[in-house]
Amino acid sequence: MAKGRTLKHRLYDAASGRFFVRNGEWTSDESAASTFQDLASVIQLCLRFGLKDAQLQVYTGSGRRIRVPICE
């Protein structure tokens with residue numbers, strides 16, 4: 001990854017095709033989704049809202065998207 005670039009983490013619900021925004025709200029507009037800097041924040045969010053079947057979507061420095069199940 002290039003120096004100065006950071007990974008962007010988003011929470012994605014594969015069943016609905018939506019992204020987490022805030023306070024339990026979801027959007028289909030990926031650009032409006034909340035981003036998280038670290039995995040711990042996403043895990044805390046899953047626990048706080050009791051989320052099931054959500055996926056962590058990570059954008060790499062090269063623009064590649066990777067989705068990993070995180071809330072089961």
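Ile43 counts as partly exposed, with a relative accessible area of 38%; partly exposed sits between buried (under 20%) and exposed (over 50%), using a 1.4 Å probe and protein chains only. This is a predicted model, where local features need pLDDT of at least 70, side-chain atom pairs count only at pLDDT 80 or more, and totals for chains, interfaces and linings use all residues. Residues are numbered from 1 along each chain as its sequence is written, and side-chain values use heavy atoms, leaving out hydrogens and water.

Let's look at the helix. Ile43 lies in helix 1 (residues 39-49), and Leu39 lies in helix 1 too. Helices are DSSP runs of H or I with at least four residues, strands are runs of E with at least two, and both are numbered from the N terminus.

| Residue | Relative accessible area |
|---|---|
| Ile43 | 38% |
| Leu39 | 41% |

Leu39, Ile43 and Leu47 make a nonpolar surface patch of about 290 Å². Such a patch takes nonpolar side chains (Val, Leu, Ile, Met, Phe, Trp, Tyr) joined within 5 Å, from residues with over 30% relative accessible area and no salt bridge. A salt bridge is a side-chain nitrogen of Lys or Arg within 4 Å of a carboxyl oxygen of Asp or Glu.

Now for the strands. Strand 4 (residues 54-59) and strand 5 (residues 65-71) run antiparallel and are joined by 6 bridges; pairing requires at least two DSSP bridges. Leu56 has Val68 in strand 5 as its bridge partner. The two strands form a hairpin with 5 residues between them, and Gly63 in the turn has a positive phi of about 90 degrees.

Which residues does Leu39 touch, not counting those up to four places away in sequence? Leu39 touches Leu56 and Ile70, where contact means heavy atoms within 4.5 Å.

Definitions and conventions:
Patch = residues over 30% accessible without salt bridge, like charges linked within 9 Å, V, L, I, M, F, W, Y side chains within 5 Å. Areas by Shrake-Rupley, 256 points an atom, 1.4 Å probe, with all protein chains shown as cover.
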